[in-house]
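Trainee: Could you walk me through this one in plain words? I would like to ask as we go.

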Amino acid sequence: MEKRNTFKGSIGFVLAAAGSAVGLGNIWRFPYLAARDGGGLFIVVYIILALTFGFTLLMTEVAIGRKTRQSPLTAYSALRKKWKWLGVLACIIPMMIFPYYIAIGGWVIKYLVAFITSSPEVAAADGYFGGFITDVTQPLVMMLIFGIAVAIIVYMGVNKGIEASSKIIMPLLILIVIGISIFSLTLSYTDADGTVRTGLQGLKVMFIPNLEGMTVKGFLRVFMDAMGQLFYSLSVAMGIMIAYGSYVPKEANMSKSVNQIEIFDTAIALLAGVMIIPAVFAFMGTEGMSASGPSLMFVTLPKVLAAMGPVGRLVGILFFGMVLFAALTSAISILEAIVASFMDQFKVSRPKAVIIESVIGLVVGAIVCFGYNLLYFEFTLPTGAVAQVLDILDYLSNSILMPIVAISTCILIGWILGPKTVIDEVTRNGEKMNRKGLYIVMVKYLAPVLLTVLFLTALGLF
Ligand code: PHE
């Protein structure tokens, strides 16, 4: 059998994994949840969960990958024959996410191009976003450009494609995020009735806990929001970290790398908050922050950028360029998890696997784009939200399948094979594993219980 490729070093692995973890979730979802959920309280809960729950899931998946040297589809059965079904589930998830992720990647390209070629007022105009996604051809073309770029990088392989691109993109991304954050803090704006609002005041809204009127039920919601966000943000429970883990050199210090990935992901989420919240607050006050989901990034932010005057255009180009980078490295990891699975299972070559998988992804991606025009319908999810194709794929993968995969993984490692399987892999070169006791308690008891509650909440049972 051909020798499996590995990352050249742990920096390559950390940057590639952080590239997967840092994505749209960090940039628009985290700031929005933090602003909505009592500011500092959400952040504190999130950080505590990241150090316990997030660390457990991430460590487990990377260890499964490195130990088995297999991708998600075949890794679980390599550990225990009868658990093949879990590999199949873990491989279906990225297949469902890839099409809608490239559709959103296409939206980001559209905004980047809009800021490069015209003044910010164009993208800030009412109805701009709606007009774009209801158009039949434009979103499709943008998705194709994004999807093909991702396919080319994955085609180039683990070292020349994934590792090399992450090493260039991730440092650039950090620089842009820090630059815009500093700029955002210096903003101030006087509105029509003479009220002056500054970016620094907006920062307080995000970081200072607002416990006014907080109830036990309210706290539970903050807790569940933080856990759901963490789960998505670290790219766990969808096979990705198993695939990347399978390329980690045996001599790398896993414990250290996993910590670095976690810190990277959390730091970028916090900085994204510093970048967005002060700016939105200065120009729009607290109402501006109530926009949820995609509308924060594609409707509210362009308005904020337009209100900044001439500099808004440059900031917009940098911002959407940075979002494009973040989305690109995440999409690469999603496609890689699928491609590696097919290569391991069916023993096909990388080029063949990439071509087959990207064609499937692009066809389903086209259906996602048509969900806003040709195939428009309204479907109500158990959570009460009105959904199109994109939201349905997102709901099925994130709220249903991902908790099932994560719970099952904890049962397999915690109860059937024993936490020692992971601990031995982490400490195979004699390294110390940080938080070992915590790991055992988390993987056996706390993580499966918390995940089950999260799952029941998603089904609308809570
Ligand atoms: N972790 C990514 C984020 O925070 C999202 C993601 C989802 C990445 C699925 C890969 C796969 O946005």
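**Talking through the model**

Mentor: Let us begin with A237, which counts as buried at 1% relative accessibility; buried means under 20% relative accessible area, exposed means over 50%, and partly exposed is in between, with a 1.4 Å probe and protein chains only. Before we go on, this is a predicted model, in which local features need pLDDT of at least 70 and side-chain atom pairs count only at pLDDT 80 or more, while totals for chains, interfaces and linings use all residues. Residues are numbered from 1 along each chain as its sequence is written, and side-chain values use heavy atoms, with hydrogens and water left out.

Trainee: Okay, and where does A237 lie?

Mentor: A237 is in the loop between α11 (216–233) and α12 (240–245), where helices (H or I, at least four residues) and strands (E, at least two) are DSSP runs numbered from the N terminus. Its phi is near 70°, which is a positive value in a residue other than glycine.

Trainee: What about R435, is that buried or exposed, or something in between?

Mentor: R435 counts as partly exposed, because its relative accessibility is 27%. R435 also has a positive phi, about 55°, although it is not a glycine, and its place is in the loop between α18 (420–426) and α19 (436–458).

Trainee: Switching to helices, how does the length of α8 compare with what it should span?

Mentor: Helix α8 (residues 138–155) has 18 residues, which should span 26 Å at 1.5 Å a residue, and its end C-alpha atoms are 26 Å apart, so the two values agree. The expected span is 1.5 Å times one less than the number of residues.

Trainee: And which residues of α8 are buried?

Mentor: P139, M142, M143, F146, G147, V150, A151, I153 and V154 are the buried ones in α8. They cover an arc of only 165° around the axis, which means that they sit on the same side of α8; that arc is taken from the directions from the helix axis to the C-beta atoms.

Trainee: What do the buried residues of α8 pack against?

Mentor: They pack against α5 (84–117), α7 (128–134), α9 (158–185), α15 (311–346) and α16 (350–370), where contact means heavy atoms within 4.5 Å. After α8 comes G157, whose phi is positive, near 95°.

Trainee: You mentioned α16, so how many residues does α16 have?

Mentor: α16 has 21 residues and reaches 30 Å from its first C-alpha to its last, which is close to the 30 Å expected at 1.5 Å a residue. Its buried residues include R350, E357, G361 and F370, and what covers the buried residues of α16 includes α8, α15 and α17 (389–417).

Trainee: New topic, which residues come nearest to the ligand?

Mentor: There are 15 residues around the ligand, and of these A21, L24, G25, N26 and Y232 come nearest; a residue is near a molecule or strand if one of its heavy atoms lies within 4 Å of it.

Trainee: Which ligand atom lies 2.9 Å from a backbone N or O atom of Y232?

Mentor: For Y232, the ligand atom at 2.9 Å from a backbone N or O atom is a nitrogen. An oxygen atom of the ligand lies 2.6 Å from a backbone N or O atom of G25, and an oxygen atom of the ligand is 3.0 Å from a polar backbone atom of L24. The protein covers 100% of the 320 Å² of accessible area that the ligand has on its own, with areas from the Shrake-Rupley method and a 1.4 Å probe, and for residues only the protein chains shown count as cover.

Trainee: Last one, what does S333 touch?

Mentor: Not counting residues up to four places away in sequence, S333 touches S20, I240 and Y244. S333 is in helix α15 and is buried, with a relative accessible area of 1%. Its side chain makes a polar contact with the side chain of S20 at 2.8 Å, and a polar atom of the S333 side chain lies 2.7 Å from the backbone oxygen of S330. A polar contact is a pair of N or O atoms within 3.5 Å; within protein, one must be able to donate a hydrogen and the other to accept it, and residues adjacent in sequence count only if both atoms are side-chain atoms.
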